[in-house]
Amino acid sequence: LKWATAGGGSLVLVGSDVLESTGTTLTVTFTAIPASEVAYLMGVFSMDVDATAEGQPTKLTVNSLSTSTYDFDSLNIAGGSETISSNTGESAFRVANDANNGERYGIFYVSLNRVTDKIQMISDSCGELGTQWQGGYNTTSSQDEYSEIELSIGAGNFLADSRLDVYRCNI
């Protein structure tokens, strides 16, 4: 394992996207950041969705990878009931599942495994109807830098003032 050296760990804002009107994506694109420079990227999102989007998950892609290469597990709690799911061959991670109708808030961490060169993700989100935890990885190898974080919705829209902020944790 490779650990951060002393003096690292500072969080620096990489970029933000705030919708001025309704939209289907929140995207932060930036000059490539080598994995050797950061421990992880952290994203914070706060959003609301229209009625068509209620019941639709909020999805996360990294570095524009949108092929069926995302594998993740989810734990959803809504109304005191738990649902556990395992997902393979998806086109994106889920950072807020379909139980999150309307307002959604969450945080996620994305890291590049420096042994396997694959993208890993964990997230925690909540909404009007429940709370979700997700964790997984992207099976695409040879990932050694970050260049884009995007949140999307399958149907409907994020409402105006929905926001995504992406930070880097320096090594």
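**Stop 1: colour by confidence.** The chain has an average pLDDT of 89, and 93% of the residues reach at least 70. Now select residues 1-7, where pLDDT stays under 50. For this stretch the model has 3 contacts beyond four places in sequence. Where pLDDT is low, the predicted coordinates should not be read in detail. Next, compare two strands: strand 2 (residues 25-34) has the highest confidence, with a mean of 97, while strand 7 (residues 93-96) has the lowest, with a mean of 90.

**Stop 2: strands 4 and 11.** Leave strand 11 on screen and select strand 4, residues 58-62. This pair is antiparallel too, with 5 bridges between the strands. Show threonine 58, and opposite it in strand 11 you will find isoleucine 153.

**Stop 3: serine 74.** Move on to strand 5 (residues 70-78), where serine 74 sits. Is serine 74 buried or exposed? Serine 74 counts as buried, because its relative accessibility is 3%, against a cut-off of under 20%. To see what surrounds serine 74, display its contacts beyond four places in sequence: Thr83, Ile84, Ser85, Asn87, Asn97, Trp133 and Gln134.

Definitions and conventions:
Residues numbered from 1 in each chain as written. Predicted model: local features only at pLDDT ≥ 70, side-chain atom pairs only at ≥ 80, totals over all residues. Heavy atoms only, no water. pLDDT = per-residue confidence, 0-100. Helix = DSSP H or I, 4+ residues; strand = E, 2+ residues; numbered from the N terminus. Contact = heavy atoms within 4.5 Å. Buried < 20%, exposed > 50% of the residue type's maximum accessible area, 1.4 Å probe, protein only. Pairing = 2+ DSSP bridges.
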